Amino acid sequence: MFPRTKFTAFVATSIDGRIAKNPKELSSTWTSKEDWVFFQKSLPGFDAVVVGFNTYKVSENRLKKRNTIVFTSKVKKPKKVGSVTFLNVNNSDVFDFIKKMNYKKVAILGGPRVYDFFLKNKMLHELSVTIEPLVFGAGVPMFTGEKFTKYNFELQSAKRLNKKGTILLKYKYAS
Ligand SMILES: NC(=O)c1ccc[n+]([C@@H]2O[C@H](COP(=O)([O-])OP(=O)(O)OC[C@H]3O[C@@H](n4cnc5c(N)ncnc54)[C@H](OP(=O)(O)O)[C@@H]3O)[C@@H](O)[C@H]2O)c1
């Protein structure tokens with residue numbers, strides 16, 4: 001369907017699969033410096049990033065400088081403000097838009113509904129997961145988990161990023 005664009009998701013998580021304490025929290029309050037360095041080094045390799053409205057709000061200043069696509073129900077049709085485009089996935093074709101923009105490499109930065117959207121459409125070609133050695137017990141899950149579905153990923157690499165045991169896992173979508 002989309003042979004020319006590669007979608008890569010980046011996610012930092014606790015051991016128990018939580019990506020934030022609540023939707024308003026900045027993930028950088030608990031993620032490691034080493035993950036931040038890896039993430040910042042990775043981003044220039046992408047033509048655009050995709051985020052949900054809440055994730056956009058917590059990182060607006062940084063995301064305004066990139067080609068950013070923001071999923072939101074607050075717009076009826078695509079709205080462009082500088083390099084940021086607000087899209088309603090219910091009445092706009094996201095993949096058509098990305099094709100039109102000729103983006104070849106797109107980073108999916110979350111949150112859960114955005115990761116889910118690409119996963120359900122079988123468009124999460126690569127998944128980069130940083131596991132911080134923490135357990136939250138509650139909080140925002142990595143995916144929305146509305147319906148049980150098994151997606152298979154193949155591990156490409158595993159790397160320990162620091163002494164405390166932050167682990168970077170890179171997966172490729174298999175089927
Ligand atoms: N640790 C990490 O790697 C990581 C990564 C990303 C985010 N986070 C954290 O996660 C939290 C955000 O969580 P969140 O659950 O609020 O996720 P979010 O995806 O950032 O925001 C959800 C909002 O995005 C819009 N949206 C997303 N997907 C949509 C879809 N398919 N259709 C229509 N609208 C859609 C909706 O906005 P409207 O209400 O405007 O319709 C929805 O309310 C923040 O604290 C952020 O820092 C952590």
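The shell around the ligand contains 16 nonpolar, eight polar and four charged residues. Here Ala, Val, Leu, Ile, Met, Phe, Trp, Tyr, Cys and Pro count as nonpolar, Asp, Glu, Lys and Arg as charged, and the others, Gly among them, as polar. The model is a predicted one, in which local features need pLDDT of at least 70 and side-chain atom pairs count only at pLDDT 80 or more, while totals for chains, interfaces and linings use all residues. Residues are numbered from 1 along each chain as its sequence is written.

In total, 28 residues surround the ligand, and the closest are Gly 52, Ser 73, Gly 110, Gly 111 and Arg 113. A residue is near a molecule if its C-beta atom, placed from the backbone, lies within 6 Å of it. Two or more residues of the shell come from each of strand E1 (6-13), strand E2 (18-20), strand E3 (48-52), helix H2 (53-58) and helix H5 (112-120). Helices (H or I, at least four residues) and strands (E, at least two) are DSSP runs, numbered from the N terminus.

The chain as a whole has five helices and 11 strands. Its radius of gyration, taken over C-alpha atoms, is 16 Å, close to the 16 Å that the globule rule (2.2 Å times the number of residues to the power 0.38) gives for 175 residues, so the chain is as compact as a globular protein of that length. Of these 175 residues, 28% count as buried, meaning that 20 or more other C-beta atoms, placed from the backbone, lie within 10 Å of the residue's own; 12 or fewer make a residue exposed, and values in between partly exposed.

The next topic is the sheet. Strands of a sheet pair through backbone hydrogen bonds, either parallel or antiparallel. In this model, nine strands form an open sheet with mixed pairing, in the order E5-E6-E4-E3-E7-E1-E8-E11-E10; two strands pair if DSSP finds at least two bridges between them. Strand E5 (79-81) and strand E10 (153-160) are at the edges with a single partner strand each, so one side of each is left without a neighbour in the sheet.

With strand E7 (residues 105-108), E1 pairs in the parallel sense over four bridges, and Phe 7 is partnered by Val 106. E1 is also mostly covered, with seven of its eight residues buried.
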